Amino acid sequence: MKKGILEKIKILVVGCGNMGASHAKAYHDMEAFEIVGLVSRGDSKLKLNEKLGADYPLFDEYEQALEQSKPDAVCISTYPDTHEDYAIKAFQANAHVFIEKPLADTVIGAQKVVDAANAVGKKLVVGYILRHHPSWIKFIEIGKTMGYPLVMRMNLNQQSQGYMWDVHRNLMKSLSPIVDCGVHYIDVMCQMTNANPVSVSAIGARLTDDIPQDNYNYGQLQIRFDDGSVGWYEAGWGPMISDTAFFIKDVIGPKGCVSIVAKEAGKAGNSDSVESHTKTESLKVHYADINTKNEFIKPDEWIDLTDEPDHQELCNREQSFFLKAIQEDLNLDKSMQDAINSLQIAIACDESVKTGGIVKL
């Protein structure tokens with residue numbers, strides 16, 4: 001049954017780390033939601049309750065929380081190897097689901113989650129935060145005007161230490177950086193081209209003994225599309241990663257190029273900042289038009305972005321969309337399929353790293 005505008009949606013928050021805490025704050029501040037529980041295996045839920053100045057019910061075990069709180073919706077911000085199981089159990093409990101990317105740690109698992117959502121007619125929103133960032137939306141819009149094929153260049157290297165190195169090492173127990181972060185930027189590439197990916201190749205290196213033997217903390221992938229477009233993405237995590245060129249986001253086409261220029265966020269020393277991962281600040285648009293002397297006839301255009309949400313505001317916007325999807329019964333078929341597709345491409349890249357070969361899609 002569709003929720004009424006004035007009826008609060010009871011939400012269970014599972015995972016109280018970086019993203020879970022930000023989503024919980026969004027729910028805490030929104031009149032339409034009522035948090036009915038915080039779930040984590042450690043003391044992060046205690047810290048979150050204190051941070052919110054609240055006294056929400058606390059749970060160590062997800063299944064117990066699901067049974068006792070009887071939520072209308074569940075927010076899942078745990079490590080990827082739990083996503084499939086937790087999401088399916090939420091749908092079996094007749095709840096809507098907001099889940100952090102990636103949707104699951106396997107393509108088969110991701111499809112099972114989508115099938116479970118469809119089976120009970122509940123909403124599934126995947127946390128592709130860049131889809132809610134007005135500057136990235138503009139970046140994609142301008143990229144599409146540059147003609148085809150496109151060359152798309154993106155990276156997100158993080159010189160992590162302290163708490164963030166703990167987070168990254170835990171993430172790498174199930175996924176590599178080019179899968180966990182790569183799904184965001186693969187999704188952007190697919191939106192820009194509207195073409196089908198045909199093959200991927202990737203390389204990776206294990207630069208520390210602090211991660212599983214079969215994983216790597218540096219990776220770079222390349223994608224070929226059936227319209228001739230190509231894209232690359234690079235990601236590295238750890239205290240040894242260089243932070244001198246961690247912020248590259250641009251797209252080149254026959255008509256010119258557009259680049260995200262984060263003048264402050266892109267400076268060395270900011271690579272481990274969550275804020276810097278989504279910050280854009282300005283778009284630089286270059287036009288390839290030349291005269292008979294091969295001289296440029298159009299000046300470069302700078303678009304200074306006035307609607308520049310910080311990380312918390314982006315999470316607020318994600319949850320506003322989740323609310324709208326529930327209240328207005330939005331059709332999410334395409335976004336769910338897009339989440340599966342981007343994960344499939346990312347996992348194919350992971351296979352390429354481990355086999356040393358090109359993977360056809």
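The side chain of Y128 makes a polar contact with the side chain of S342 at 2.6 Å.

Me: What counts as a polar contact here?

Reply: A pair of N or O atoms within 3.5 Å; within protein, one must be able to donate a hydrogen and the other to accept it, and residues adjacent in sequence count only if both atoms are side-chain atoms. Bear in mind that this is a predicted model, where local features need pLDDT of at least 70, side-chain atom pairs count only at pLDDT 80 or more, and totals for chains, interfaces and linings use all residues. Residues are numbered from 1 along each chain as its sequence is written, and side-chain values use heavy atoms, with hydrogens and water left out.

Me: Is Y128 buried or exposed?

Reply: Buried means under 20% relative accessible area, exposed over 50%, partly exposed in between (1.4 Å probe, protein chains only). Y128 comes out at 5%, so it's buried.

Me: Which residues does Y128 touch?

Reply: Contact means heavy atoms within 4.5 Å. Leaving out residues up to four places away in sequence, Y128 touches K101, V183, H184, D187, E318, A339 and S342. Take D187: it sits 59 residues from Y128 along the chain, yet their C-alpha atoms are separated by 8.5 Å.

Me: And how do I read the sheet?

Reply: Strands of a sheet pair through backbone hydrogen bonds, either parallel or antiparallel. Strands here are DSSP E runs of at least two residues, numbered from the N terminus, and two of them pair if DSSP finds at least two bridges between them. This open sheet has 9 strands with mixed pairing, ordered β14-β13-β12-β11-β7-β10-β9-β8-β15. Its edge strands, β14 (301–304) and β15 (359–360), each pair on one side only.

Key. Helix = DSSP H or I, 4+ residues; strand = E, 2+ residues; numbered from the N terminus.
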